[in-house]
Amino acid sequence: MFPYTYEVLNYLRDKGYRLHLITNGFRDIQYVKLDASRLTEYFEEIVTSECCGHLKPDARIFRHALERTGATAPESLMIGDNLECDVLGAHNAGLDQVYFNPEKRRHFNQITYEISCLSELKEIL
């Protein structure tokens, strides 16, 4: 786990944010990983590419997640550590994004926010 993972998740939950997960993976495997890391309880919906039929960065998985959660793109924010799949995929689906870049990899993409430590999310949200 990254530093501040639980602190930030508790902070977001306490602030009333509805948290959902979008993952390129198989449902059963993702739940094993989430349960083992004690993360399942934080997410209302877990959308997998397996259940949706589309992989990130395809905009259809993001649209599917929005439909499934009842959220809209303008009120949503995608937080991800994969520039192409998470951040650019969300951008192409019309969502604002936070690129979690702990290694501070250089890039030239225009993104909404970029952080190198999860605790920085508290400044954004």
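Q: Which residues of H1 are buried?
A: In H1, the buried ones are Thr-5, Val-8, Leu-9 and Leu-12. Here buried means under 20% relative accessible area, exposed means over 50%, and partly exposed is in between (1.4 Å probe, protein chains only). This is a predicted model, where local features need pLDDT of at least 70 and side-chain atom pairs count only at pLDDT 80 or more, while totals for chains, interfaces and linings use all residues. Residues are numbered from 1 along each chain as its sequence is written, and side-chain values use heavy atoms, leaving out hydrogens and water.

Q: What makes the buried residues of H4 line one face of the helix?
A: The buried residues of helix H4 (residues 59-69) are Ala-59, Ile-61, Phe-62, Ala-65, Leu-66 and Thr-69. Seen down the axis, they fall within an arc of 165 degrees, so they line one face of H4. Their cover includes strand E1 (20-23), E2, helix H3 (49-52), strand E3 (77-80) and helix H5 (83-92). Helices (H or I, at least four residues) and strands (E, at least two) are DSSP runs, numbered from the N terminus.

Q: What kind of aromatic pair do Phe-2 and Phe-100 form?
A: The whole structure holds two aromatic pairs. Phe-2 and Phe-100 have their centres 4.8 Å apart and their planes at 90 degrees, which is edge-to-face. Rings of Phe, Tyr and Trp (its six-membered ring) pair if their centres lie within 6.5 Å, and planes under 30 degrees apart are stacked, over 60 edge-to-face, and the rest tilted. Phe-2 lies in the segment before helix H1 (5-14) and Phe-100 in strand E4 (residues 96-100), so the pair ties together parts 98 residues apart in sequence.

Q: Why is the pair of Tyr-6 and Tyr-42 called tilted?
A: Their ring centres are 6.5 Å apart, and the angle between the planes is 45 degrees, so the pair is neither stacked nor edge-to-face. Tyr-6 is in helix H1 and Tyr-42 in the loop between helix H2 (27-36) and strand E2 (45-48), so parts 36 residues apart in sequence are tied together. Tyr-6 is partly exposed at 22% relative accessibility, whereas Tyr-42 is buried at 8%.

Q: How do you know that the charged end of Lys-122 sits over the ring of Tyr-11?
A: The charged end of Lys-122 is 5.3 Å from the centre of the Tyr-11 ring. The rule asks for NZ of Lys or CZ of Arg within 6 Å of the ring centre and within 35 degrees of the ring normal.

Q: What does Thr-23 touch?
A: Thr-23 is in strand E1 and is buried, with a relative accessible area of 11%. Leaving aside neighbours within four places in sequence, Thr-23 is in contact (heavy atoms within 4.5 Å) with Gln-30, Val-47, Thr-48, Ser-49, Lys-56 and Ile-61.

Q: What is the peptide bond from Lys-56 to Pro-57 like, cis or trans?
A: That bond is cis, with omega near 20 degrees. Pro-57 lies in the loop between H3 and H4. Most residues other than glycine have a negative phi, and most peptide bonds are trans.

Q: What is the phi of Tyr-4 and of Arg-38?
A: Tyr-4 has a positive phi of about 75 degrees although it is not a glycine, and Arg-38 has a positive phi of about 60 degrees, again without being a glycine. Tyr-4 is in the segment before H1 and is partly exposed at 41%. Arg-38 is in the loop between H2 and E2 and, at 55%, counts as exposed.

Key
Arc of directions from axis to C-beta.
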